[in-house]
Amino acid sequence: VVSTQSTGYTGLVGEYGCDACDAAAKTAGTCVDCTSNSTTACNVAVEVHTFSCFDYTFSANDSKWMASAKAVTCTANKDTPVKCNKPGTAANGNYSVPHTGCGPCAEDALNDNTCVECGKDSCNSAATIAVFMAPLIALLYTLL
């Protein structure tokens, strides 16, 4: 019997079914073989939760990253924390936003500031930066 798995922040992959997993799905972690009996099925639905994050694309004309107009729906295992990501200040046009903004940054991208992450629903929107920056700019203005 086959159980389809949720792959972290990218959502459910494949279909539930019977028969053995193929080698590629096992390697990718999207399928797990399990054994049912006459009273208990093993290929039951994986419990998940959803949250929203924003995807980013690089505008070559403006030489900057632009948040998508609408948030994307992220799906994660029920015990997986909410996490969104977006390009950091060191991200150039060759950077690729992982999982359309859903989930954490790769550790090396986090360390070299090509990616930043946050832990609340829709926290990686461009507006969240503006809301944070406006009071900071006002404070700096009054100090100078």
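**Confidence, fold and disulfides of the predicted chain**

Where pLDDT is low, the predicted coordinates should not be read in detail. The protein chain averages a pLDDT of 81, and 77% of the residues score at least 70. The model is a predicted one, in which local features need pLDDT of at least 70 and side-chain atom pairs count only at pLDDT 80 or more, while totals for chains, interfaces and linings use all residues. Residues are numbered from 1 along each chain as its sequence is written, and side-chain values use heavy atoms, with hydrogens and water left out.

The secondary structure of the protein chain comprises three helices and eight strands, taken as DSSP runs (helices H or I, at least four residues; strands E, at least two) and numbered from the N terminus. Along the sequence these elements follow the pattern β-α-β-β-β-β-β-β-α-β-α. Of the contacts with a separation of 6 or more, 60% are between residues 24 or more positions apart. Among the 144 residues, 27% count as buried, where buried means under 20% relative accessible area, exposed over 50% and partly exposed in between (1.4 Å probe, protein chains only).

A search of the whole structure finds four disulfides, a disulfide being a pair of cysteine sulfur atoms within 2.5 Å. One of them joins Cys 53 to Cys 84, with an S to S distance of 1.9 Å; Cys 53 lies in strand S3 (residues 48-53) and Cys 84 in strand S7, so the pair ties together parts that are 31 residues apart in sequence. The relative accessible area of Cys 53 is 0%, and Cys 84 is likewise buried at 0%. Another joins Cys 74 to Cys 102, also at 1.9 Å, and because Cys 74 lies in strand S6 (residues 72-77) and Cys 102 in the loop between S7 and H2, parts that are 28 residues apart in sequence are tied together. A disulfide of 2.0 Å joins Cys 105 to Cys 115, and its torsion about the S-S bond is about -75°, so the link is left-handed.

Most residues other than glycine have a negative phi. Thr 100, however, has a positive phi near 50°; this residue is placed in the loop between strand S7 (84-87) and helix H2 (107-111), and is partly exposed at 37% relative accessible area. Ser 122 has a positive phi of about 60° in the loop between strand S8 (115-118) and helix H3 (126-143), and is partly exposed at 21%.

Technical notes. Contact = heavy atoms within 4.5 Å. pLDDT = per-residue confidence, 0-100.
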